[in-house]
Amino acid sequence: MDWDFRKRTEKIEERLNALGRDRTPTLFILSYDLSESYIFPLDRLEEGIRYHIDGPLRSERAVSLPYRFEAVPLDRYRRAFDRVMEEIRRGNTYLLNLTFPSRIEIDADLETLYERSDARFKLLFKNRFVCFSPERFVRIDQGHIHTHPMKGTIDASIPGAEEKILSDAKEMAEHVMVVDLLRNDLSMVADRVRVERFRYVEKIRAGERELLQVSSHITGKLEEGWPDRLGTILTRMLPAGSITGAPKRKTTEIIQEVEGYDRGFFTGIFGVFDGESLDSAVMIRFIERQRNGLVFKSGGGITVDSDPEAEYRELQEKIYVPFL
C-alpha cells in the first residue's frame, strides 16, 4: 500500500469520524481508490448533486430508450482475461472483477437519466456521472451492520432461469468466494459476524428486460458509539470486495495492471449517514461524461472456470438503462 493511499485514507477517516461524533447528517461519495472524495453535510449539499437511497422501485413498465454502445474490442478483453487466468494459475488471485469502459451514445442528458432510471440506489453528480445501482455496500442500523453481496445474474425470461442460476457450479463458486470475502471484511469492524441468508434470488429491471440476481445477507454487531468511528469503519472495508476480488490486496494490484484505465468513481461507494443510521451503495451501473462523450463502465467476476466469450457477453449485457 503506497504512502499517498494511506494519507488519503487517513484524511477521509478523520473527516467522517468528526461528522459521526457530532451526529451530523452527511452524504459521502468515495472513489474506487479514494483519490477523490466528496463529503457533505446534508444541509450544505452543492448544486448538481442528487441522490436516492434504498427507495421503493416504481411499478411502471420500462420503455425503450435508444442507445448505441461500443464495447472494448474482444482481443483487448482477451489479453486482459488471459493475464488474469495466468495470475489465477499462479495462485495470486482466485476471483477478480474485470471491468472496462464502453463508449455509449444515448439521447438524454445525465439529469434525465437520473430522473427516469429506476433503481434502488441512484446518484447524480454535477453533470459528471450518474449511477443507478442495485447493490448495497453496507447498512448500519441499531448497532448492527448488514451487507448483501450480489453475484450471479441471469435473464428472467429464460425457462427455468432461477433453477439454472442456482445450480450453476461456476456461479456457486464465485458467490461463495464473495460471501467469504465480505464476511472477512465485516469481521474487521464488527463482532458476531454471520451469514443470515445464503443465495436468495431477487428480480431487477434492466431496461426492457428483467434479470434475476443472486444475493446473500451477512450481518455483524458493532461496538456501542459506532458513529464516532464512522470513517474508520467504512475505509477499513474499502475497496468493496464484490468489485475487486480475493485475496483483496493482491487482486487490486492485478486489476491496476490488467485493466489499463482509471475506474474513478466507478465501483466506489456513496451513502448517507442520517445521524443515527447509515445506508450506502456500490457505484455500479455507471455512466460517466468524458471529454469525448459518455462511457458506461461494466464488468464481471473471473474465476478459474470462466469462459472469455461468456464473460465478454456479460460485460455487454450489463450495459443498460432501467428507464421509465
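At 25% relative accessibility, Glu-86 counts as partly exposed in this predicted model. A look along the chain from Glu-86 turns up quite a stretch: Ile-106 is 20 residues away in sequence, yet the two C-alpha atoms are 37 Å apart in space.

Helix α2 covers residues 74–89 and has packing partners to describe. Two packed helices are described by the angle between their axes and the distance between the axes. Take helix α8, residues 308–317: its axis comes within 10 Å of the α2 axis, and the two cross at roughly 120 degrees. Since angles of 65 to 115 degrees count as roughly perpendicular and those over 145 as roughly antiparallel, α2 and α8 are therefore oblique to each other. The crossing of α2 past α8 is right-handed. On the α2 side, the contact is built from Leu-74, Tyr-77, Arg-78 and Phe-81, and these meet Pro-308, Glu-309, Glu-311, Tyr-312 and Leu-315 of α8. Sorted by class, the contact of α2 with α8 holds six nonpolar residues and three charged ones, with no polar residues.

The other pairing to consider is that of α2 with helix α7, which runs over residues 248–259. Here the axes come within 10 Å and cross at roughly 155 degrees. With angles over 145 degrees counting as roughly antiparallel, the helices α2 and α7 are therefore roughly antiparallel to each other. Again the crossing is right-handed, this time with α2 passing α7. Arg-76, Ala-80, Arg-83, Val-84 and Glu-87 are what α2 brings to this contact, while α7 supplies Ile-254, Glu-257, Val-258 and Glu-259. The class tally for α2 with α7 is four nonpolar, no polar and five charged.

Stepping back to the whole chain, the secondary structure comes to eight helices and 17 strands. The radius of gyration is 19 Å, close to the 20 Å that the globule rule gives for 324 residues, so the protein is as compact as a globular protein of that length. Along the principal axes, the C-alpha trace spans about 50 × 45 × 40 Å. Buried residues account for 54% of the 324. Contacts also reach across the sequence: among those between residues at least 6 apart, 73% join residues at least 24 apart.

Two serines give a local view of the surroundings. Ser-215 lies in strand β12, residues 209–221, and at 1% relative accessibility Ser-215 counts as buried. Leaving out residues up to four places away in sequence, Ser-215 touches Pro-149, Met-150, His-175, Phe-198, Arg-199, Tyr-200 and Glu-202. Ser-277, on the other hand, belongs to the loop between β14 (269–273) and β15 (278–282). Its relative accessibility is 18%, and because the cut-off for buried is under 20%, Ser-277 counts as buried. Beyond its neighbours within four places in sequence, Ser-277 is in contact with Ile-140, Asp-141, Trp-226 and Val-272.

Pro-239 is found in the loop between α6 (230–236) and β13 (245–246). Another cis bond joins Ala-246 to Pro-247, with omega near -10 degrees.

Leu-34 is buried, with a relative accessible area of 4%. Arg-285 has phi near 55 degrees and sits in the loop between β15 and β16 (286–290). Arg-285 is buried as well, at a relative accessible area of 7%.

Definitions and conventions
Residues numbered from 1 in each chain as written. Predicted model: local features only at pLDDT ≥ 70, side-chain atom pairs only at ≥ 80, totals over all residues. Heavy atoms only, no water. Axes fitted to C-alpha atoms, helices over the stretch in contact; angles between N-to-C directions. Helix = DSSP H or I, 4+ residues; strand = E, 2+ residues; numbered from the N terminus. Parallel < 35°, antiparallel > 145°, perpendicular 65-115°, else oblique. Left-handed = near helix turned anticlockwise from the far one by under 90°. Contact = heavy atoms within 4.5 Å. Nonpolar A, V, L, I, M, F, W, Y, C, P; charged D, E, K, R; others polar. Buried < 20%, exposed > 50% of the residue type's maximum accessible area, 1.4 Å probe, protein only. Rg over C-alpha atoms; globule rule 2.2 N^0.38 Å.
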